[in-house]
Amino acid sequence: MSQSPSARRGDERADAARNRAKILAAAEEIVATHGVEALSMADVAAAAGVGVGTLYRRFGDRSGLAHALIDRREREFQAAYLSGPPPLGPGAPAAERIRAFLHALAARTVDQLDLLLVAETAGPFARFGGAYHAYHRHLAILIAEVKPGRDTSYLADALLAPLAANLLSYRMGEERGLTLEAVLTGLDDLLAGLAG
């Protein structure tokens with residue numbers, strides 16, 4: 001099993017770090033200018049001035065590149081719920097932390113929806129990688145405080161399921177028109193059932 005791009009970064013050579021920065025800057029520019037649909041490995045390599053093979057060795061595929069683009073925001077989000085101020089961070093009751101976490105995750109997912117859609121749909125289980133494991137564990141711990149003795153693993157999955165990028169993309173499409181506010185209201189309804 002290969003390491004994630006962020007796990008490999010710790011022992012990266014200076015030239016590799018420069019190439020990584022150039023590649024990510026080129027990819028961000030392409031996404032900002034033309035949208036995520038234009039994110040091709042060949043175009044990113046050309047814009048960054050590196051070989052396509054370098055991109056594939058570094059990121060694996062388009063999904064890996066999308067994950068790398070998501071990484072900075074992911075790190076900020078994880079820092080906020082692990083050690084930031086309450087209610088998202090420690091110090092608030094578990095039920096308030098669950099609500100704050102799901103609301104923040106919904107907003108973050110909608111904000112990077114196109115990139116997450118690429119990253120989460122690369123394979124049948126692509127969604128269930130590192131970030132999902134962290135979210136799941138965090139929710140399971142908090143749910144155990146709210147509902148001791150329940151199947152916290154299943155309940156954590158049930159709370160995360162509505163935030164899958166492909167589901168949100170489908171529901172927020174032009175014809176269906178789901179809004180972030182409606183997503184947050186729906187999450188609150190789910191949480192009311194959990195608390196009840």
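P87 sits in the loop that links α5 and α6; helices here are DSSP runs (H or I, at least four residues), strands are E runs of at least two, and numbering goes from the N terminus. The peptide bond running from P86 to P87 is cis, with omega near 10°. This is a predicted model, in which local features need pLDDT of at least 70, side-chain atom pairs count only at pLDDT 80 or more, and totals for chains, interfaces and linings use all residues. Residues are numbered from 1 along each chain as its sequence is written, and side-chain values use heavy atoms, with hydrogens and water left out.

- Mean pLDDT for the chain is 89, with 94% of its residues at 70 or more; pLDDT is the predictor's confidence in each residue, from 0 to 100.
- Over residues 1–8 pLDDT stays under 50, and the model has 8 contacts beyond four places in sequence for them (contact means heavy atoms within 4.5 Å).

- A pocket is an open set of points on a 1 Å grid over the protein atoms alone, with protein on both sides within 12 Å along at least five of seven lines; the probe is 1.4 Å, and lining residues have an atom within 4 Å of a point.
- It has 16 lining residues, and E28, L69, R72, Q112 and L115 are the closest to its centre.
- α5 gives the most to the lining, with 5 residues.
- By type, the lining splits into 7 nonpolar, 1 polar and 8 charged (nonpolar: Ala, Val, Leu, Ile, Met, Phe, Trp, Tyr, Cys and Pro; charged: Asp, Glu, Lys and Arg; polar: the others, Gly among them).

**Helix α9**
- T152, A156, L159 and L160 are buried in α9 (residues 152–160), where buried means under 20% relative accessible area (1.4 Å probe, protein chains only).
- Looking down the axis of α9, its buried residues fall within an arc of 95°, so they line one face of the helix; the arc is that of the directions from the helix axis to the C-beta atoms.
- The buried residues of α9 pack against α6, α8 (130–146) and α11 (180–195).

**L55**
- L55 is part of helix α4 (residues 52–59) and is buried, at a relative accessible area of 0%.
- Leaving out residues up to four places away in sequence, L55 touches I23, M41, V44, A45, V50 and G60.

Terms used
Buried < 20%, exposed > 50% of the residue type's maximum accessible area, 1.4 Å probe, protein only.
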